[in-house]
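Hello,

Here is the structure I promised to pass on to you. Please open it next to this email, and my notes follow below.

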Amino acid sequence: MKMFIIFAIPCVVGILIFVFSFVLRGNKSKKFVEPTDAEVQFQLGTCYDKGLGVKQDFCEAAKWYRKAAEQGHAEAQYNLGVAYHYGQGAPQDDVEAVKWYRKAAEQGVLDAQYNLGLSYANGEGVEQSYEEALKIFRKLAEKGHVEAICSLGTHYEYGMGVSQNYDESAEWYRKAAELGHAVAQFNLGVYYEHHDKPKNMTEAVKWYQKAAEQGEMHAQFNLACCYLKGDGVPENLDEADKYFRLSASQGYPQAVELVEELDAEE
């Protein structure tokens with residue numbers, strides 16, 4: 001259910017020139033004067049975060065994000081929150097993460113609003129409240145935020161703050177799946193295999209295939225099982241082997257174990 005997205009605008013030419021002049025050349029004849037413009041600070045943070053024109057350095061990225069965030073730069077506030085959540089360039093601290101998510105969310109950064117919703121859902125940095133999480137996710141879903149749409153499906157699937165309802169969860173997963181969300185596509189496949197009455201393996205395979213093609217390792221494993229058993233698709237051992245190995249290459253434990261057994265038998 002977690003999904004934290006770093007907001008990063010590609011560094012504009014002027015910022016790259018700035019970085020090149022003062023960071024890469026290290027011109028000793030001039031003192032480095034730290035920029036005070038929030039957008040420039042944010043762009044410098046982005047450059048360090050992504051390793052654009054400079055060596056990747058999360059501590060430097062967080063430093064510049066903080067400078068911009070303290071001046072009210074919304075995207076920098078969001079990125080600083082992410083840094084605190086993951087402990088990447090800043091101490092791991094979900095309370096601080098929520099503080100900065102909230103500031104960015106209040107300025108309309110949708111991903112910050114989403115991460116704030118996740119924080120409420122998971123009880124990270126705030127007291128757990130499915131009610132608050134759902135309120136946020138519903139507002140974002142109305143704006144077409146695909147992660148929030150998928151999260152609503154998860155809440156209905158597991159009865160988190162709402163009555164468990166597989167059919168309702170499938171409707172939310174379908175909306176996200178049709179927008180290309182791989183996890184939603186996988187979850188919709190699971191619905192057709194395990195919760196639809198009667199189960200519909202043709203539809204299950206269809207959505208597993210879409211998710212698998214995007215690299216979703218659970219979908220790859222389930223699709224391999226379908227090919228192995230000829231369930232919803234003609235039996236095809238080569239395709240089964242292919243998808244088991246794709247799933248294993250991403251570290252999915254069941255796939256890793258199965259592939260190791262297959263290789264040991266050869």
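Is Tyr243 buried or exposed? Tyr243 counts as buried, at 5% relative accessibility (buried means under 20% relative accessible area, exposed over 50%, partly exposed in between, with a 1.4 Å probe and protein chains only).

Before the rest, a word on the source: this is a predicted model, in which local features need pLDDT of at least 70, side-chain atom pairs count only at pLDDT 80 or more, and totals for chains, interfaces and linings use all residues. Residues are numbered from 1 along each chain as its sequence is written, and side-chain values use heavy atoms, with hydrogens and water left out.

**The α12 and α13 pair**

Helices here are DSSP runs of H or I with at least four residues, numbered from the N terminus. Helix α12 (residues 217-229) packs against helix α13 (residues 237-249) at an angle of about 160 degrees, and their axes are 8 Å apart. The axes are lines fitted to C-alpha atoms over the stretch in contact, with angles running from 0 to 180 degrees between N-to-C directions. The two helices are therefore roughly antiparallel to each other (over 145 degrees). On the α12 side the contact (heavy atoms within 4.5 Å) includes Met217, Gln220, Phe221 and Tyr227, and on the α13 side Leu237, Glu239, Tyr243 and Phe244 are among the residues. By class, twelve nonpolar, two polar and one charged residues make this contact (Ala, Val, Leu, Ile, Met, Phe, Trp, Tyr, Cys and Pro count as nonpolar, Asp, Glu, Lys and Arg as charged, and the others, Gly among them, as polar).

**Aromatic rings**

The count comes to eight aromatic pairs, taking rings of Phe, Tyr and Trp (its six-membered ring) whose centres lie within 6.5 Å; planes under 30 degrees apart count as stacked, over 60 as edge-to-face and the rest as tilted. One of them is tilted: the ring centres of Phe42 and Tyr65 are 5.9 Å apart, with the planes at 35 degrees. Phe42 sits in helix α2 (residues 38-50) and Tyr65 in helix α3 (residues 58-69), 23 residues apart. Phe42 is buried at 0% relative accessible area, and Tyr65 is buried at 2%.

Tyr227 and Tyr243 form a stacked pair, with centres 6.2 Å apart and planes at 5 degrees. This pair ties α12 to α13 across 16 residues of sequence. Tyr227 is buried, with a relative accessible area of 11%. Ring pairs also link Phe221, Phe244 and Tyr252 into a cluster.

**A cis peptide bond**

Lys197 and Pro198 are joined by a cis peptide bond, with omega about -5 degrees. Most peptide bonds are trans. Pro198 is found in the loop between α10 (182-195) and α11 (201-213).

Best wishes

Technical notes
Angles under 35 degrees count as roughly parallel, over 145 as roughly antiparallel, 65 to 115 as roughly perpendicular and the rest as oblique.
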